Amino acid sequence: MKTNKLIMQHLKKQPKRSISIILSIILAVCLITTIGIIGECIKNSAIENVKRTRGFYHLQYKNITKNNVNYIQNIKQVDKVGTLLLLGYCNNGNSSLNIQGVSDNYFDMFYRPLIKGKYPKKSNEICIDEWYLKKLNIPTQIGQKIPLTLNKILMKDNKPVLKKDKIPIMHKTTQTFILSGILKDKAGSKVDNTAFGYVPLKTVENLLPKNYLYYYSFLQINKNTDINTLKNKIDVNLNLGSENSEINYNLISASGENLKSKIAVLILTLIVSIAAIAVIYNIFNMSIIDRIKEFGILRCIGFRPIHIKNLVIKEGLLLSIIGIPIGLFLGLLISKIVYLKVDQIYEQQKILFIFSNKILIFSALIGLITVLLSTLAPSKKASKVSPIEAVCGTKNLEVNILKKRKWHKLIKNTFGNIGMISYKNLWRNKKRTKVTIISLSTTIILFITFSYFVTHMPVSNPEQYFKNGQFKLQIERNFIPQNGYSKKDIEQIKLLPDIENVYEMKFLTGNALLEDNFVKKDIIKDTYVQTTKDETTNKISTPISFKGYNDDMLKILRKNIVKGSIDINKMKKEPIVLIGLDPSKKISKYLNLKVGDIITLNVTNDFKNEKFYKKEQKFIVGGFVDKIPFSLIHNQTLDIIASNDILKTLCPYDNFKRLDIKIEDPSKKDYVFSHLQKTSNKISGSKLYSFYEDVASLKQAKRNINFLIYSFITIIALIAILNIINTMNTSIIVRKNEFGIMRAVGFTKEHLKKSVLLEALFFAILSSILGILISGISCSFVKVLFEIQHGTPAIPMIIAFVLSTFISIIAVLVPIKKIVCDNIVDTIRYVE
């Protein structure tokens, strides 16, 4: 039976209702598309940035033998292996060249693009960073001969091989290479004054003594393999310790290979889909109630229930065919606008705009499924209409006796008899009222939950970086003990005019060796926390950022103490440390340490001097701090703070890794900056930050982040507003006959307006109560899932209540104004 003509006639007859459904579909598909595309852009860009900075591998093995490498290459779960051997260093003034022998797969895992030429294949070929060639005035011509003398400390069992006088044995290699390619400069290499050159792996194997070849292998693991399980298996089979392997957590996190990121995307898609289903279902359901007589007439002239059901479903599909393409287009457009803003935030990390057909197909399917689910129940209801009852007008009559409740008296006293009639009228048709309340509350839940999530994302205050000084000198990327600011540098800075204070900080890296009872047992399972367990000693090893503070810095730190105390004089003489409990660091929640516990720190100092190669020392936990001022770098390592005097005993180089300079008179900033820049230029790896120059860009980045946050909230709010308007508007239109009867029995226009406005108010209040209660639960779930440390959704809840109430009242004003102006007889006879 042909129904297309009937469908088109109905859609033309009710254009407002049809447009409302189309708009709901457009907004839902638009939001899902935007979330998908922006999420994919950020995810792929994060992966690309990890590839460029950390490498495209899942697992790394270091200081292993050739036999170990061969074993790893034959593992089925390993898709690809890149191998590296260090040939040696070549020093030229304050710059050095690091020559490495690499396998062919190495360049698939590390971002080292060529400016020209090719990667080395022959034993005498080499490719080198462009900036180094230019600095040494080496002709940048392919085929150029480059003689090099390289030095390398010979290693055995992870330790330098020593002469009788305990001086490390230095192996010297003199070789002339042919330039095969020129590499694009590696990020940070100029700052560190360390360039890189690459030769074939076999070249290094032929030039270095066979007994001192220790390899680095980088593994790409197939998707269906648990990395921790595979790592443990390899460690056992090759009898390797925890110091020989390392998981690339940056890549795992960026790739979304964790439950949390998948749940986040699923939740966003789910809540948007549920909101859209609620909107479309409610409109269709009310439309069915309003068209009962029409369906009865169709049944009388021969339509079967299946025909009626198909009629309603086809209406939904036709509207989705119009709405989905528009939603996809707007989603792409909004994604592009958001992308441009995101790209401005990450100036150092280029964001890639990904146009994915999969996302468009997925968004279209979600939109289509949403419409189908929205029409199933109304279509089923329409197909069960009895022809006789529908034509006689008795099908949709419901008589529900409202039980007396304690709050009825409050409603009557507050809003009068009209208010009580309005409240009772809501529950005359319980099913319609419940559907309307659920529909409205769904969008309230969506708005509150999403607003809470995005407004509690960790967006730092740009000015906090310069809280303790307008200028900051810092050793970037490179923590070689020799590099740093000397006491002479600090004294010269203090002689500059209007210098109020200089805060100097030492820094060392290493591992904390924690007793089994000092941490929770499930710490090993958390892929975000870099830990390994030594089965022989039963200790947990985790990386540390070991910071040394001067007296003034320790005084500032006192306000952040949460347990224990800071006795500066005692900390300068005794091995006492403070433990950082920064909530943003995952390891904090696994610590069972208390004041007075003794921990062992294994500090790495100097790879050129056996005396300071590794130094283990026991420290007493003196206290815990919740925030770390003067933070040098932000990563997931455990923060440990001691006095500079204590760190000086661990490292022979009496220099500092960071200086915070505070000035009294801002008018002297240019003079101070120029002198600080000279100090920075003469120290390898040093970088100068200025409050006056850097805060402007940081604030702009923060504004761009806020733009993103409120863009998504605006789209969510639009869906919520549209739902409220559609729901309230439709609820008035489908009850036109009912309002005509009310006027016929004595209701004036003012009474009717007041009654409808109070109904809208009751709908808003009931929906808000339900929405706020459920959103409280959903926000608690979000708080636990994403480890949000503080904050409640109080403000989004207040905004949701006020907006839903205001919009509900506004939404009914136009239709009720039209109805009260119509003739009473025409209103009673009204049939859509």
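The following questions and answers set computed values from a predicted model against the criteria behind the terms used for it.

Q: What makes the pair of Tyr-106 and Phe-218 edge-to-face?
A: Tyr-106 and Phe-218 have 6.2 Å from centre to centre and 65 degrees between their planes.

Q: Why can the pair of Tyr-106 and Phe-218 be said to tie together parts that are apart in sequence?
A: Tyr-106 belongs to helix α4 (residues 106-109), whereas Phe-218 belongs to strand β11 (residues 215-221), and the pair therefore links parts that are 112 residues apart in sequence.

Q: How do you know whether Tyr-106 and Phe-218 are buried or exposed?
A: The relative accessible area is 5% for Tyr-106 and 7% for Phe-218. Because buried means under 20%, Tyr-106 is classed as buried, and Phe-218 is likewise classed as buried.

Q: Why is the pair of Phe-110 and Phe-218 called edge-to-face?
A: The ring centres of Phe-110 and Phe-218 are 4.9 Å apart and their planes stand at 80 degrees, so the pair is edge-to-face, given that the angle required is over 60 degrees. Phe-110 lies in the loop between α4 and β4 (114-117) while Phe-218 lies in strand β11, so this pair ties together parts that are 108 residues apart in sequence. Phe-110 has a relative accessibility of 17% and counts as buried, because the limit for that class is under 20%. Phe-110 and Phe-218 also belong to one aromatic cluster, whose members include Tyr-57, Tyr-119 and Tyr-198.

Q: What makes Lys-472 a residue whose charged end sits over the ring of Tyr-689?
A: The charged end of Lys-472 is 4.8 Å from the centre of the Tyr-689 ring, and the distance part of the criterion asks for NZ of Lys within 6 Å of the ring centre.

Q: What makes the phi of Asn-239 and the phi of Asp-498 worth noting?
A: Most residues other than glycine have a negative phi. Asn-239, however, has a positive phi near 55 degrees, and Asp-498, which is not a glycine either, has a positive phi of about 60 degrees. Asn-239 is in the loop between α8 (227-238) and β12 (245-247), and Asp-498 is in the loop between α17 (487-494) and β14 (499-514).

Q: Why is Asn-239 called exposed, and why is Asp-498 called partly exposed?
A: Asn-239 has 69% relative accessibility and so counts as exposed, because that class begins over 50%. Asp-498 has a relative accessible area of 26% and is therefore partly exposed, since that class lies between the limits of 20% and 50%.

Q: Why are helices α16 and α25 called roughly antiparallel?
A: The axes of α16 (residues 430-455) and α25 (residues 794-821) come within 9 Å and cross at roughly 150 degrees. Angles over 145 degrees count as roughly antiparallel, and α16 and α25 are therefore described in that way. Their crossing is right-handed, and the contact involves residues including Ile-444, Phe-447 and Tyr-452 of α16 and Pro-796, Met-797 and Ser-804 of α25.

Q: What makes α23 oblique to α25?
A: Helix α23 (residues 736-744) and α25 have axes that come within 10 Å and cross at roughly 50 degrees. That angle makes α23 oblique to α25, because it is neither under 35 degrees, as roughly parallel would require, nor in the range 65 to 115 for roughly perpendicular, nor over 145 for roughly antiparallel. The crossing of α23 and α25 is right-handed, with the contact made by Lys-736, Phe-739 and Arg-743 of α23 and by Ile-816, Ile-819 and Val-820 of α25.

Terms used: Residues numbered from 1 in each chain as written. Predicted model: local features only at pLDDT ≥ 70, side-chain atom pairs only at ≥ 80, totals over all residues. Heavy atoms only, no water. Phe/Tyr/Trp six-rings, centres within 6.5 Å; stacked < 30°, edge-to-face > 60°. Helix = DSSP H or I, 4+ residues; strand = E, 2+ residues; numbered from the N terminus. Buried < 20%, exposed > 50% of the residue type's maximum accessible area, 1.4 Å probe, protein only. Lys NZ or Arg CZ within 6 Å of the ring centre and 35° of its normal. Axes fitted to C-alpha atoms, helices over the stretch in contact; angles between N-to-C directions. Left-handed = near helix turned anticlockwise from the far one by under 90°. Contact = heavy atoms within 4.5 Å.
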